[in-house]
Amino acid sequence: MNREWKAADIVRHFKGNMYIIVGIAKEATNSGDAKDKVVYKRLDGTGELWVRDLNEFNSEVDHEKYPDVTQKFRFELVETHN
């Protein structure tokens, strides 16, 4: 499964909320050890912006903590725009 995100991809969080990816950003650090971050916006009209480490964004759902969730990953692609 392709886990490379791009701006304007629509994704679903495993709890059901829908988001649009604004882009992939680099964290500014003094150590030079920048981590990739995903910037994404909630699509429920609130316009809330969120930022999450790319590794966490791509992580699988903890099915021990959330046994009723059928989605495999924390975020899954719903629609992509080329």
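## Aromatic cluster

Rings of Phe, Tyr and Trp, the last taken by its six-membered ring, count as a pair if their centres lie within 6.5 Å. The model discussed here is predicted. In this model, Trp5, Tyr19, Tyr40, Phe57 and Phe75 form one aromatic cluster.

A search of the whole structure finds seven aromatic pairs. One of them joins Tyr40 and Phe75, with 5.2 Å from centre to centre and 70° between the planes, an edge-to-face arrangement. Tyr40 belongs to strand E3 (residues 36-42) and Phe75 to strand E5 (residues 75-79), so this pair links distant parts of the chain, 35 residues apart. Tyr40 counts as buried because its relative accessibility is 2%, and the cut-off for buried is under 20%. Phe75 is also buried, at a relative accessible area of 0%.

How are the rings of Phe57 and Phe75 arranged? Their centres are 4.0 Å apart and their planes meet at 5°, so the pair is stacked. Phe57 lies in helix H1 (residues 54-57) and Phe75 in E5, so the pair ties together parts that are 18 residues apart in sequence. With a relative accessibility of 0%, Phe57 counts as buried.

## Sheet

The model contains an open sheet of five strands in the order E4-E3-E2-E1-E5, with antiparallel pairing. The edges are taken by E4 and E5; each has a single partner strand, so one side of each is left without a neighbour in the sheet. From one strand to the next, the twist averages 40°.

Two of the pairings can be described further. Strand E1 (residues 10-13) is joined to E2 by three bridges, and the two run antiparallel. Within this pairing, Val11 has Tyr19 in E2 as its bridge partner. E3 and strand E4 (residues 49-53) pair in the antiparallel sense over five bridges, and Val38 has Arg52 in E4 as its bridge partner. The hairpin of E3 and E4 has six residues between the strands, and Gly45 in this hairpin takes a positive phi near 95°.

## Nonpolar core

Which residues make up the largest nonpolar core? It has nine residues: Trp5, Val11, Tyr19, Ile21, Val38, Tyr40, Leu54, Phe57 and Phe75. The elements that give two or more residues to this core are strand E2 (18-26), E3 and H1.

Tyr40, a member of this core, has contacts beyond its neighbours within four places in sequence, among them Tyr19, Ile21, Trp50, Arg52, Phe57 and Phe75.

Asn58 lies in the loop between H1 and E5. With neighbours within four places in sequence left aside, Asn58 is in contact with Arg3, Trp5 and Phe73. Asn58 and Ile10 are 48 residues apart along the chain, and their C-alpha atoms are separated by 14 Å.

Terms used: Residues are numbered from 1 along each chain as its sequence is written. This is a predicted model: local features need pLDDT of at least 70, side-chain atom pairs count only at pLDDT 80 or more; totals for chains, interfaces and linings use all residues. Side-chain values use heavy atoms; hydrogens and water are left out. Rings of Phe, Tyr and Trp (its six-membered ring) pair if their centres lie within 6.5 Å; planes under 30 degrees apart count as stacked, over 60 as edge-to-face and the rest as tilted. Helices (H or I, at least four residues) and strands (E, at least two) are DSSP runs, numbered from the N terminus. Buried means under 20% relative accessible area, exposed over 50%, partly exposed in between (1.4 Å probe, protein chains only). Contact means heavy atoms within 4.5 Å. Two strands pair if DSSP finds at least two bridges between them. A nonpolar core is a set of buried Ala, Val, Leu, Ile, Met, Phe, Trp, Tyr and Cys residues joined through side-chain atoms within 4.5 Å. Axes are lines fitted to C-alpha atoms, for helices over the stretch in contact, and angles run from 0 to 180 degrees between N-to-C directions.
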